[in-house]
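Here are some notes to read alongside the model. Please keep the sequence and the 3D view open as you go.

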Amino acid sequence: MSDLDRLDATRVRATVDRLRSRVAARFAGRGIEKVAGRLGELVAEMEGATPEINRRLRRTRIACRALAALVLVVTVIALGLALRDALGREDGVDWLPLIESTVNDVVFAALALWFLYSFPDRLQRGRLLALLHRLRSLAHVIDMHQLAKDPERLRADYRGTAQSLDPGLSATEMVHYLEYCSELLSLVGKAAALVAEESQDALVLDAVGDIETLTTSLSRKIWQKISMLNQGARPA
């Protein structure tokens, strides 16, 4: 498989680490640096845990397939014995109890087989959905950091109130801050795409799509603010 056919967790983590270094160089000690660090931890966790989790998943799948084969063999043997006993009776075959017993055995065996075959996939789905929930929460945390960065505050005729929050940023610093928030949101989307590399489950893929839509929408709001700041800077 080519490097261009699959998203590489190692390179995503390296990109997150570089972004964290850039954030720390300008905004050391601020919340956005901690958010970048948290995103790096999540991607590193995905990178390190995926091989071990895949090994456990393979072992679980093999065990479930073995149990499913055992259930199938036991069911066939039980049906064969029931049929032999019914045919061996001297007073003739009573078909109604035989059919009822066969149907019950087949139904219970089918339920057991379905559970065993789907258990590894449901186990993986639960883990991936939990990880996607953490990424979605992180996207909202990034959005909270950019909410108070209002370009209107930098207008010459701006008049604040007693409840107005001062971000303590110049116009240039605010542009950098908002650009970093947008990049973090983009990397949250890439981290979600890494999850999609590990599963073709419909629920997981839907959750990944929702996160990508969310991060794109939040980033669009940020770039509207950046556009306002750039327009305000040109006359100056």
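1. Read along the sequence, the pattern is α-α-α-α-α. The protein has five helices and zero strands. Helices (H or I, at least four residues) and strands (E, at least two) are DSSP runs, numbered from the N terminus.

2. This is a predicted model: local features need pLDDT of at least 70, side-chain atom pairs count only at pLDDT 80 or more, and totals for chains, interfaces and linings use all residues. Residues are numbered from 1 along each chain as its sequence is written, and side-chain values use heavy atoms, with hydrogens and water left out.

3. Of the 236 residues, 32% are buried. Buried means under 20% relative accessible area, exposed over 50%, and partly exposed in between (1.4 Å probe, protein chains only).

4. The largest nonpolar core has 45 residues. Such a core is a set of buried Ala, Val, Leu, Ile, Met, Phe, Trp, Tyr and Cys residues joined through side-chain atoms within 4.5 Å. H1 (9–27), H2 (31–87), H3 (95–147), H4 (171–197) and H5 (202–233) each give two or more residues to this core. H4 supplies the largest share, 15 residues.

5. Ile32 is among the residues with the most contacts inside the core. Which residues does Ile32 contact, leaving aside neighbours within four places in sequence? They are Val23, Phe27, His145, Tyr177, Tyr180, Cys181 and Leu184. Contact means heavy atoms within 4.5 Å.

6. Now look at Phe108, in helix H3. Phe108 is exposed, with a relative accessible area of 58%. In soluble globular proteins, nonpolar side chains tend to be buried together.
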